[in-house]
Amino acid sequence: LFALLLEAARYVHVRGYQAALFRRTFPELERSVIAESKKFYPGLGGRYNEQKKLWQFQGGARIYLCHLEYESSVNEHQSAEYAFMGFDELTTFEQGQVEYLISRLRTTAIDPATGRAIPVALREATNPGGDGHEWVRHRFRAWLGEHPTAVPGEIRWYKRDGNDDREVPAGTP
């Protein structure tokens, strides 16, 4: 969780930066993400809005703390734009929820230090087990020593083929 909180805060100095951290239920969110963020984000100049479950930073950056208790909860993010998304305990989420939210991973925020668009990033943390164990294992099978085996840090490209992902050459449209 600490790594997700830290990564979400990487660009809080950038105007227009928005990040979202997800847990499946509100009690989980409150007990872990909200509680831990309150120890960390005030030191970065963050102000927490309890009502909106939102950290706001001096330059206008925002980090949303969200839960997806119901499969339809993703609809609350329909027109959202996040430069960073973090899922804590990935195996508690439905595959469709995660895939839908990945489509909200985009930004036009420019880092004033470099003059370039900040990179978008997705991070997922989990432990074995949970209702989503099988889909998570299937998605990351190459990095779990299953065939075809990937080495740590290796980037692979996949394309959706029906309900499955098929490996394709880099840059395939």
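Guide: A pocket here is an open set of grid points with protein on both sides within 12 Å along at least five of seven lines, and a residue counts as lining if it has an atom within 4 Å of a point. Rolling a probe the size of a water molecule over the atoms shows where empty space is left. The model is a predicted one.

With that in hand, take the second largest pocket. Its volume is about 220 Å³. The lining consists of 13 residues, and those nearest the centre are Lys52, Leu65, Cys66, Glu76 and His77. Strand E4, residues 62-67, and helix H2, residues 26-40, each give at least two residues to this lining. E4 has the largest share, with four residues. Sorted by class, the lining of the second largest pocket holds seven nonpolar, three polar and three charged residues.

Now the largest pocket. It contains about 750 Å³ of space. Its lining has 16 residues, and Ile102, Leu122, Arg139, Phe140 and Arg156 are the closest to the centre. Four elements each contribute at least two residues to this lining: helix H3 (95-102), strand E8 (121-125), helix H4 (133-139) and strand E9.

E9 leads on to a hairpin. This strand covers residues 157-161 and pairs with E10, residues 164-168, in the antiparallel sense over five bridges. Asp161 has Asp164 of E10 opposite. Two residues lie between the strands of this hairpin, and Gly162 adopts a positive phi near 70° there.

The C-alpha trace spans about 45 × 40 × 30 Å along its principal axes. A compact globule of 173 residues would have a radius of gyration near 16 Å, so the 17 Å of this chain agrees with that. Of the 173 residues, 40% are buried. Among contacts between residues at least 6 apart in sequence, 60% join residues at least 24 apart.

Terms used
Residues numbered from 1 in each chain as written. Predicted model: local features only at pLDDT ≥ 70, side-chain atom pairs only at ≥ 80, totals over all residues. Heavy atoms only, no water. Pairing = 2+ DSSP bridges. 1 Å grid on protein atoms, 1.4 Å probe; cavity = no way out; pocket = protein on both sides within 12 Å on 5 of 7 lines; lining within 4 Å. Points joined across faces, edges and corners; volume = space filled by probe spheres on them. Nonpolar A, V, L, I, M, F, W, Y, C, P; charged D, E, K, R; others polar. Rg over C-alpha atoms; globule rule 2.2 N^0.38 Å. Buried < 20%, exposed > 50% of the residue type's maximum accessible area, 1.4 Å probe, protein only. Contact = heavy atoms within 4.5 Å.
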